[in-house]
Amino acid sequence: MAKFTSTLGRALLTIGALCAALPAAAHDDKPRRRADNAPLVIGHRGGASGYLPEHTLEAYSLGIALGADYVEPDLVATKDGHLIARHEPNLIDTTNVKSLPKFADRRRTVMLDGVPTDGFFASDFTLAEIKQLRAVQSFPERDQAFNGRFEIPTLAEIIQLVKRKARDEGRVIGIYPETKHPTYHQGIGLPLEDRLLAVLNAAGWNHRNAPVFIQSFETANLRYLRSKTSVRLIQLVDANDVNPDGSLDYTKPYDKPYDWVASNRAGVFGDLLTPRGLQEVKGYADGIGPWKPYLISSACKSVQAGACVDVTGDGVVDERDRVLLPPTDVIANAHKLGLLVHPYTFRSEQKRVNGSFAGNPVNEYLAFYEAGVDGLFSDFADTAVVARAMFLLKNDPDYAKCLQNERKCEKNND
Ligand SMILES: [Ca+2]
């Protein structure tokens with residue numbers, strides 16, 4: 001691993017830092033890519049979560065070393081009101097909490113967005129107790145060798161790390177925090193939004209040109225944040241699944257933002273991506289973060305009795321049994337309104353790579369870069385960065401010169 005990061009990491013750093021740095025001053029109301037027209041690589045759950053336990057300072061550091069421009073802390077609140085980075089309020093799958101006898105009595109079932117959920121909840125732990133836990137890899141097919149070694153970081157600690165890395169690497173590196181389950185947190189008396197703004201204020205990052213995007217699957221908290229901050233806001237758009245024909249499946253509870261459930265608003269997530277829905281989003285956000293099938297979907301290669309057929313014959317039905325469909329008009333419609341488009345999540349495992357990409361995850365990134373996304377969320381920032389370099393070499397004549405002449409790149413990015 002050390003050799004990997006020191007050799008490949010340095011090469012990627014050259015590409016990422018010198019040829020694709022984004023001056024903070026470039027942020028404004030228009031959809032703007034980086035100075036060299038490059039889409040952003042957003043480190044999903046840190047950007048190295050394909051390699052290390054997610055949402056740890058180690059995973060953020062590796063994600064940045066692999067070239068991520070932004071790293072994503074998902075945020076939940078502790079009992080004493082600190083914001084920590086976890087994918088869910090439930091700590092059972094991403095930490096070693098269930099193996100610690102001293103916390104055994106904290107296990108309980110709570111209603112999380114209408115779903116009875118068993119586990120250990122961040123809001124039952126003080127930050128001092130959270131610091132006694134250690135992160136584990138939540139994807140069973142990924143390397144488990146780092147389980148139990150890394151602490152759970154606070155948002156403040158992540159910002160401190162990112163600022164130091166940005167200084168060391170001489171490029172803009174930002175954070176892309178997500179308010180997780182905002183209605184739930186409000187219901188337990190630990191609303192996230194003002195806490196997040198307080199941490200951003202303390203960091204000097206509560207302003208329009210800060211290297212910060214705030215994202216949420218809910219809508220009401222983004223509207224509230226819009227009234228309180230000029231930091232860029234991104235409306236995430238989820239769904240439950242993709243049907244055999246490529247249309248989106250809206251099975252509950254992934255049918256709509258949970259604040260719509262709470263307020264009895266009809267509709268589904270996809271309503272946010274129609275021209276009318278995008279117009280509504282434009283009223284409070286700067287961009288959309290759609291699940292990637294909303295931009296380029298896929299259909300089963302073969303369908304029998306309404307279900308996908310295992311055409312590869314490996315005993316499972318997965319992405320390899322599907323074929324890509326043409327891009328939708330969501331990117332064009334969003335761009336017409338000046339909304340940024342940052343789809344999620346790009347992952348390298350073979351079972352997650354569509355059959356049209358011939359087993360090479362680079363091809364998936366290329367398809368989405370070519371379709372015009374302004375950035376994307378990746379568990380494997382290194383692959384996203386390499387694919388971006390290939391995309392730029394194909395499409396930007398200046399980029400080839402840039403790659404070969406670091407000084408010129410630096411000058412271009414002044
Ligand atoms: Ca198969």
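1. Two strands are said to pair if DSSP finds at least two bridges between them; helices (H or I, at least four residues) and strands (E, at least two) are DSSP runs, numbered from the N terminus. The model is a predicted one, in which local features need pLDDT of at least 70 and side-chain atom pairs count only at pLDDT 80 or more, while totals for chains, interfaces and linings use all residues. Residues are numbered from 1 along each chain as its sequence is written, and side-chain values use heavy atoms, with hydrogens and water left out.

2. An open sheet is built from four strands in the order β7-β2-β1-β19, with parallel pairing. Its edges are β7 (174–175) and β19 (375–378), each of which pairs on one side only. Between β2 (residues 70–71) and β7 the parallel pairing runs over two bridges, and Tyr 70 stands opposite Gly 174 of β7.

3. Helix α2 (residues 57–65) and helix α4 (residues 155–169) have axes that come within 11 Å and cross at roughly 25 degrees. Here axes are lines fitted to C-alpha atoms, for helices over the stretch in contact, and angles run from 0 to 180 degrees between N-to-C directions. The two helices are therefore roughly parallel to each other, a term for angles under 35 degrees.

4. In the contact of these helices (heavy atoms within 4.5 Å), Leu 57, Tyr 60, Ser 61, Ile 64 and Ala 65 of α2 meet Glu 157, Ile 158, Leu 161, Val 162, Lys 165 and Glu 169 of α4. The contact residues divide into seven nonpolar, one polar and three charged; Ala, Val, Leu, Ile, Met, Phe, Trp, Tyr, Cys and Pro count as nonpolar, Asp, Glu, Lys and Arg as charged, and the others, Gly among them, as polar.

5. Most residues other than glycine have a negative phi, and most peptide bonds are trans. The bond from Lys 252 to Pro 253 is cis, with omega near 5 degrees, and Pro 253 lies in the loop between β12 (248–249) and α8 (258–262). The bond from Tyr 344 to Thr 345 is also cis, with omega near -20 degrees; Thr 345 is in the loop between β18 (340–341) and α11 (361–371).

6. Asp 113 has a phi of about 50 degrees and is buried (under 20% relative accessible area), at 16%. Ala 358, with a phi of about 55 degrees, is exposed (over 50%), at 68%.

Terms used
Angles under 35 degrees count as roughly parallel, over 145 as roughly antiparallel, 65 to 115 as roughly perpendicular and the rest as oblique. Buried means under 20% relative accessible area, exposed over 50%, partly exposed in between (1.4 Å probe, protein chains only).
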